[in-house]
Amino acid sequence: MSNDVAVLGVGMHPWGKWGRSFVEYGVIAAQAALADAGVEWNDVEFIVGGETVRNGYGGYVAGSTFARALGWNGSRVATCYAACASGSAAIEAARTRILAGLCDVALVVGADTTPKGFLAPNIGERWDDPDWLRFRLVGATNPTYFGLYARRRMDLYGSTTADFAAVKVKNALHGLHNDNARYRKQVTLEEVEASAVVADPLRLLDICATSDGAAAVVLTSMRFARQRALDPVRIRAVSTVTPRFPNTALDMPDIATDSAVAVSPPAMSFRASIAHAAYEEAGIGPEELSLAEVYDLSTALELDWYEDIGLCEAGGAEQLLRDGATSMGGKVPVNPSGGLACFGEAVPAQAIAQVCEVTWQLRGAAGPRQVEGARVGITVNQGLFGHGSAVLLSK
Amino acid sequence: MSQQIMPAIEGWFTIGEEPALVGQRCTKCGTIVFPPVATFCTNPSCSSREFSSVPLSRTGTVWSCTDAHYQPPPPFIPTTDPFEPFAIAAVELEAERLVVLGQVATGFGPGDLKVGSSVELVLEPLEVRDDTQYVVWKWRPTSEASGS
Ligand SMILES: [Zn+2]
């Protein structure tokens, strides 16, 4: 029996710094997705919101906030929080309800309004919160972790800061004509290397910004899509796995890793296990990928993802990049949307935006950034507290 | 100085001549946990909730390092005004087979370290409050590693 659901509609509110309510962005994205699907809001049986933790109670109950703004329609409602993977957790909730046969039409919405500068922990003294303690005791921001991963790549695999800069140059070029991207400007190697160091070896232009934005998808059962004689893009698998003990890579926001003294580390790192679970669930391997949308919180992290989604062995990412394999026109273009480099992160919307991009690509509707003959695409991300996700889609 | 010296967080490390991080060792499976705040063993195949307190190795090797060129937001406590960049290292403790994050001792930058460099644990002041100096652990390159 097929475990596919149809992505009938996708929609976004452009990323930027608009200074308006996340609800407005979310509703605009939702209406765009509904229009794209040809589905009325009143026909939606289940709405799932990606929670935003920076917008008060309305953000904690994002699902019902969007439902109310669209007009109460009596649908089932849920809200998901899974840090950067919130959007895919929301997609997974909708998908599993559809696959269980409990509904045919679901709407998934994520939207955020984000503060300026570093993402800081919530205020107040919280001596039992690792996210608070890492700032207090170590001064470790998110870029600290990106810097650690980047430096480790350099020392282990011989990556250079020029490789990292080349990722930014590539993604800036990809996002140049993406109307939903916040930054649509060509960037040169020299500009990256002239930007201020934030967390050695990473510079300002190596690290993604935070943005306002929203994305939405309409998911339906395959039966519903076929009744309308549609041949939609399908979600083949969703992975939202936790790490396996002992997790020996230092993940945000932890101050220490698990100890491997009593139990040997798993064969696969947490990041690699995220995509692997999606491949296993779909019975599709990385060799079948036409493109990937990966979570480039930093340029160096994009290189880590090449290995973690199986494009190459550990240490092989720089060569793939240098060969142009991950650029538009290459074997597997990575971040044809421009990635976080061009968007900036809007936490609960970002994973949904990745799915929007892959859907447009698989429809052949991505315009000037279209990947030729795209048939299979994957999205991956990793967030705080052992959250990560991958969504595998095909025509 | 008549100031009393206290750890910036209780129970995570000892102070004195040979300061050390303090971990929990599961009495059933031997798993070590740091920070020592576990109620339950972190090993999914072990349901123990009994731990003994163990000092962790005072030396280790660098898993990776970086620095902070911009002042982190609160609750970070700046120790210099104006802000000066500081280095941060993730350090692998061989015996315990875990990695612990910490600032690098004052005076050293990421250029003084690379993956595999040896470091040792030292204490440095974090803040002074009510006549008490609160200290925090940092990683200091050991002589053979800091030759650059
Ligand atoms: Zn145990």
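## Chain A–chain B interface and zinc site

In this predicted model, 42 residues from chain A and 46 residues from chain B take part in the contact. Together the two chains bury about 3600 Å², and carbon and sulfur atoms account for 67% of that area. On the chain A side, the residues that lose the most area to chain B are R136(A), L137(A) and V138(A), which together make up 17% of what that side buries.

Polar interactions also cross the interface: 13 residue pairs are in polar contact, both at pLDDT 80 or more. The side of chain A that touches chain B draws at least two residues from each of α5 (130-138), α6 (142-157) and β5 (197-199) of chain A. Its largest share, 9 residues, is supplied by α6(A). The rule finds 1 salt bridge between the chains; the side chains of R136(A) and E127(B) meet in a salt bridge at 3.8 Å, N to O.

The zinc ion has as its protein donors the SG atoms of C26(B), C29(B), C41(B) and C46(B), at 2.3 to 2.4 Å. Along the chain, the donors follow the spacing C-x2-C-x11-C-x4-C. C29(B) sits in the loop between β2 (22-26) and β3 (32-33) of chain B, and C46(B) in the loop between β3 and β4 (51-55) of chain B, so this pair ties together parts 17 residues apart in sequence. The accessibility of these two cysteines is listed below.

| Residue | Relative accessibility | Class |
|---|---|---|
| C29(B) | 24% | partly exposed |
| C46(B) | 9% | buried |

Terms used: Residues numbered from 1 in each chain as written. Chains lettered and ligands numbered in written order. Predicted model: local features only at pLDDT ≥ 70, side-chain atom pairs only at ≥ 80, totals over all residues. Heavy atoms only, no water. Donors = N, O, S within 2.8 Å, 3.2 Å for Na, K, Ca; no water. Helix = DSSP H or I, 4+ residues; strand = E, 2+ residues; numbered from the N terminus. Buried < 20%, exposed > 50% of the residue type's maximum accessible area, 1.4 Å probe, protein only. Contact = heavy atoms within 4.5 Å. Buried area = accessible area lost by both parts, 1.4 Å probe. Salt bridge = Lys/Arg side-chain N within 4 Å of Asp/Glu carboxyl O. Polar contact = N/O pair within 3.5 Å; in protein donor to acceptor, adjacent residues only side chain to side chain.
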